[in-house]
Amino acid sequence: FVPTYSKEMKISVEENRKGSDFKFYSIDINDPKTDSQAHLDVTKVVGYPIIFMNNREIGEAKLSLNQAAEKAKSFLEKQNYTSMDLFESSQYDSVGIFNFVHLEDGIRVYSDSIKVKIALDDGDVIGYSAEEYLQTNKERTIEEATVTVEEAKKKINPNVKIMENRLAIITNSMGQEVLCHEFLGGDINGKDVIII
């Protein structure tokens, strides 16, 4: 996803500053030929991409948001992130933004998230952030839920029409991971709601 190298490019590489959670290199690429600037942070160990941004001119959208979502998912699979689930997508002008979370035994782990930006003119990855995933992903022992889905549903306002439910792991205000029931539904005003 880094621009194709040409002799006109100016590339600079710096080591990260002290105080970072993990050691990484920052790479800046300026390409006067295409009038674009790209920035990439990669971990020193293994070389995992942390953040990537390609600031270039983006033309008229030719891809749908669904087509771009498939490209984002394919990109993550090529980076060996094979257990990711798309949970949020949005479009701003000719850019699609996709937020994926890690799936563990069918359970969404919201702290292990990766964001991908796709240019809708040609399907290129123009942005990527795996910092949260790299900071929180670990081996987990997931206990059985102590509250059944039926018990959890009883706590929800009866005016909410529940369409989906699943288990999820979120991080509470104490910084602890918590297994919970997640419900997607619609309220009496016709708005979609997520209840965790």
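Of the contacts (heavy atoms within 4.5 Å) in the chain with a separation of 6 or more, 45% join residues 24 or more positions apart. The model is predicted: local features need pLDDT of at least 70, side-chain atom pairs count only at pLDDT 80 or more, and totals for chains, interfaces and linings use all residues. Residues are numbered from 1 along each chain as its sequence is written, and side-chain values use heavy atoms, with hydrogens and water left out.

The chain has three helices and 11 strands, taken as DSSP runs numbered from the N terminus (helices H or I, at least four residues; strands E, at least two). Their order from the N terminus is β-β-β-β-α-β-β-β-β-α-α-β-β-β. The C-alpha trace spans about 65 × 40 × 25 Å along its principal axes.

Of the 196 residues, 34% are buried, that is, under 20% relative accessible area with a 1.4 Å probe, protein chains only. In soluble globular proteins, nonpolar side chains tend to be buried together. Here the largest nonpolar core has 24 residues; such a core is a set of buried Ala, Val, Leu, Ile, Met, Phe, Trp, Tyr and Cys residues joined through side-chain atoms within 4.5 Å. Helix 1 gives the most to this core, with five residues. Tyr81 is among the residues with the most contacts inside the core, and its partners beyond four places in sequence include Leu76, Ile114 and Tyr128.

Isoleucine 107 lies in strand 7 (residues 107-119). Its relative accessible area is 9%, so isoleucine 107 is buried. Beyond four places in sequence, isoleucine 107 touches His102, Ile142, Leu167, Ala168, Ile169 and Leu179.

Methods
Buried < 20%, exposed > 50% of the residue type's maximum accessible area, 1.4 Å probe, protein only.
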